[in-house]
2 protein chains.
Amino acid sequence: MKLYQYIYSDSSMRVRIYLAEKGIEVPFESVDISRGESHTPAFIAKNPLGQVPVLELDDGSHLAESIAICRYFEELHPEPSLFGRNPKERAEIEMWSRRVELAFAQPVQRVYRLRFHSNGALSAAAQDAIEVMEQSGARAAARFFDQTLAQRDFLAGADYSIADIMALCTYGMAQMLHIPLDPDFPHLRRWHESVSSRPSARA
Amino acid sequence: MKLYQYIYSDSSMRVRIYLAEKGIEVPFESVDISRGESHTPAFIAKNPLGQVPVLELDDGSHLAESIAICRYFEELHPEPSLFGRNPKERAEIEMWSRRVELAFAQPVQRVYRLRFHSNGALSAAAQDAIEVMEQSGARAAARFFDQTLAQRDFLAGADYSIADIMALCTYGMAQMLHIPLDPDFPHLRRWHESVSSRPSARA
């Protein structure tokens, strides 16, 4: 097994933190996106979408998508549980993972792509208008998370889960992009201090 | 148990088709989004995001997010499998579900929101520019799916899965929005004829 990943990719970071939390060791191979290494023919053969992370299995097949990779490891190493210990817990963690992905991670990733990978098809005014819309979406999600975290320690309940890992990686990307999130959100800030002080956050 | 859902919601349709494929009967309660019924205080108490579908469990708690609801039923009723029968199959179906969600369903849903729920913050030019960008994203996903379906019957492999259900619902929404998808994509068209002719597609 081998994990193709990139140090500055937030999706790769999800898998690195997940593996650190589980205590699973997998060899990493760096794919430098900034130098086009995720779009070589050799890499496209592993993931046609040209995205990291990609897990290479021992049978030579490849698995893409951060959460699919984590879920695969979860089946092989169920403890400590990061996807839930019974059907209801698993469904609630899936609900929260989807909320983080769709309402928080996606708008922040679109801001990133807009700033750094815009193909010039959009006017400056259109680009500004989209950025305002996406930042507003990310802040609405952050407000919802703050309200949730007023009532419990972690996003999906009393225990740290894959939903927290996803939110932490997006939170870091939002900080890097200077998207203002937490000044008004004390519970989110407390949560961020907690999850970012775990040893896994440096993975 | 009770499923709050809306006939014209593509997320609700995912759950309806899933339940029909599994032969599971659950009472439905209609929430007419067009009349604001998903934003009443009573409904917000069930799902703070004001979205359908929502599953009400027998203990009075609520579960939102289409795929979280389907995954919950999958644990209670494993056969016929729509999420995979072993760790590798489950990971591959998760990978394809995420590709459908992020690369296909999300751009098409953004076109829908842009046309019907734009809050007037965007200029007509910005709105047109975003629509072109999102349509182009949806077509790129459709092209990728077409190439994949040249080699197998269904998106995630030889068997029909939750990834096909998700793609079918988005495909229908793209048709309703007149987003041109399939004229150039014969394998996608063959797949669509196959999945839309299953009895579950009328659920």
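1. I started with a helix pair in chain A of this predicted model. Helix α4 (residues 87-116) of chain A packs against helix α5 (residues 124-149) of chain A at an angle of about 155°, and their axes are 8 Å apart. With that angle, α4(A) is roughly antiparallel to α5(A). The crossing of the two, α4(A) and α5(A), is left-handed.

2. Which residues make that contact? On the α4(A) side they are Ala103(A), Phe104(A), Pro107(A), Val108(A), Arg110(A), Val111(A) and Leu114(A). They meet Gln127(A), Ile130(A), Glu131(A), Glu134(A), Gln135(A), Gly137(A), Ala138(A) and Ala141(A) of α5(A). Sorted by class, the contact of α4(A) with α5(A) holds nine nonpolar, three polar and three charged residues.

3. Stepping back to chain A as a whole, you will find seven helices and four strands. Their order from the N terminus is β-α-β-α-β-β-α-α-α-α-α.

4. On overall dimensions, the C-alpha atoms of chain A fill a box of roughly 50 × 45 × 30 Å along the principal axes. A compact globule of 203 residues would have a radius of gyration near 17 Å, and the 17 Å of chain A agrees with this. Of the 203 residues in chain A, 45% count as buried. Among the contacts in chain A with a separation of 6 or more, 65% are between residues 24 or more positions apart.

5. Now the interface between the chains. Here 28 residues of chain B are in contact with 28 residues of chain A. On the chain B side, the elements giving two or more residues are β4 (62-64), α3 (66-76), α4 (87-116) and α5 (124-149). Of these, α4(B) gives the most, with nine residues. The side of chain B that touches chain A has 18 nonpolar, two polar and eight charged residues.

6. The axes of helix α1 (residues 10-22) of chain B and helix α6 (residues 162-176) of chain B come within 9 Å and cross at roughly 140°. The two helices, α1(B) and α6(B), are therefore oblique to each other, and their crossing is right-handed.

7. In that pair, Asp10(B), Met13(B), Arg14(B), Ile17(B) and Tyr18(B) of α1(B) meet a set of α6(B) residues that includes Ile162(B), Ile165(B), Met166(B) and Cys169(B). By class, the contact of α1(B) with α6(B) has eight nonpolar, two polar and two charged residues.

Key:
Residues are numbered from 1 along each chain as its sequence is written. Chains are lettered from A and ligands numbered from 1 in the order in which they are written. This is a predicted model: local features need pLDDT of at least 70, side-chain atom pairs count only at pLDDT 80 or more; totals for chains, interfaces and linings use all residues. Axes are lines fitted to C-alpha atoms, for helices over the stretch in contact, and angles run from 0 to 180 degrees between N-to-C directions. Angles under 35 degrees count as roughly parallel, over 145 as roughly antiparallel, 65 to 115 as roughly perpendicular and the rest as oblique. A crossing is left-handed if the near helix is turned anticlockwise from the far one by less than a right angle, and right-handed if clockwise. Two residues are in contact if their C-beta atoms, placed from the backbone, lie within 7 Å. Ala, Val, Leu, Ile, Met, Phe, Trp, Tyr, Cys and Pro count as nonpolar, Asp, Glu, Lys and Arg as charged, and the others, Gly among them, as polar. The radius of gyration is taken over C-alpha atoms; the globule rule is 2.2 Å times the number of residues to the power 0.38. A residue is buried if 20 or more other C-beta atoms lie within 10 Å of its own, exposed if 12 or fewer, and partly exposed in between; C-beta atoms are placed from the backbone.
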